[in-house]
Amino acid sequence: GRKVISIRAHLNNIALHHTVFDLPFAFIGALLAAGGRPRLIDILWIAVAITTARAASLAIDNWADLKYDSQQPRMAGRAMVRGAISKREAGVFIALCFLILIYAVLQLAPICIYLLPLAALPCVVYPFTKRFTGYCHLVLGVAIAMAPAGGWVAVGGEVLSVPLAVLCVGVMLWMAGFDAMYGAQDRKFDLAHGLHSLATENGTKNAFGIARIYHLLAVACFFDLGVLMHLAWPYYAGAVIAGGVLIYQHRILRWNDFSQLNQRYFMRNGLVSVVMFLCTWASYQV
């Protein structure tokens, strides 16, 4: 019925499976701050907070970009483009997500609720940065980096922490790099509609080159984090695998051939976050 269709449409609108990019890093933040032993109840509330924050952010992104997505053939399957969700329904959904987010954050360390506006800001601002800067991918990276920062602070971790900063910078650069490569396929459309990306500002070839630098620095941050936190060998194995995944991605993609630049490529990047989480957890078990 209409209710089932609406639920499916909202799940499509927020791309729930994309939570694989930020949730594992939120858990990494909690693991590191708690010395490998975060409370299960904290992990559950972190999961609720991160999931609803990302859902709201994706819904805002699709709401803000509707006039562009409606003209972009690649976006024809999106729920709002198809009319399966109205702007009003999306607005109600966003408000509900924020209410659940606030409740979840209130269950965590007291400082979290005070930092929530700061953490939510890049998630709300990102969709509009495409209008004026080609470095919008870095803003998206900052938004995703709020996940490990949130997980760290949620279990009582020190806010001003060098390891946390290194982790967040690594996540930011990882996300910005592969988002810039994925978005390069829309360069002609973006130029025609006054939108900005790394590819529109620097050309596709240079955008891919910059993305390689981002990913090199991201892997360096991940290794540096292991040193700073005195983590065991499984963590470094995870960092090596993550680096291997990124090298593979850059080898199969060409700046002048987008045939491999699809959702499979996009989701394959989730291996980085999942492997990093599993290996961080394993480093506390040896």
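How many helices and how many strands make up the secondary structure of the chain? In this predicted model, the secondary structure comes to 15 helices and zero strands. The C-alpha trace spans about 50 × 40 × 35 Å along its principal axes, and the radius of gyration of the chain, 19 Å, agrees with the value near 19 Å that a compact globule of 286 residues would have. Of the contacts with a separation of 6 or more, 75% are accounted for by residues 24 or more positions apart.

Of the 286 residues, 53% count as buried, while the chain exposes about 13300 Å², of which carbon and sulfur atoms supply 67%. The charged side chains comprise 22 positive and 13 negative ones, and the centres of these two sets lie 7 Å apart.

The largest nonpolar core has 68 residues, and Phe25, Trp174, Val272 and Met276 are those with the most contacts inside it. Helix α9 (residues 162-183) contributes the largest share of this core, with 14 residues. When residues up to four places away in sequence are not counted, Val272 touches Phe25 and Trp174, together with Phe222, Ala242, Val245 and Leu246.

Leu32, which lies in helix α2 (residues 23-33), has a relative accessible area of 4% and is therefore buried, the cut-off being under 20%. Apart from residues up to four places away in sequence, Leu32 touches Trp152, Leu167, Leu225, Met229, Leu231, Thr280 and Tyr284. By contrast, a distance of 31 Å separates the C-alpha atoms of Leu32 and Pro127, which are 95 residues apart along the chain.

Methods: Residues numbered from 1 in each chain as written. Predicted model: local features only at pLDDT ≥ 70, side-chain atom pairs only at ≥ 80, totals over all residues. Heavy atoms only, no water. Helix = DSSP H or I, 4+ residues; strand = E, 2+ residues; numbered from the N terminus. Buried < 20%, exposed > 50% of the residue type's maximum accessible area, 1.4 Å probe, protein only. Contact = heavy atoms within 4.5 Å. Core = buried A, V, L, I, M, F, W, Y, C linked by side-chain atoms within 4.5 Å. Rg over C-alpha atoms; globule rule 2.2 N^0.38 Å. Areas by Shrake-Rupley, 256 points an atom, 1.4 Å probe, with all protein chains shown as cover. Lys, Arg positive; Asp, Glu negative; His and termini not counted. Charge placed at Lys NZ, Arg CZ, Asp CG, Glu CD.
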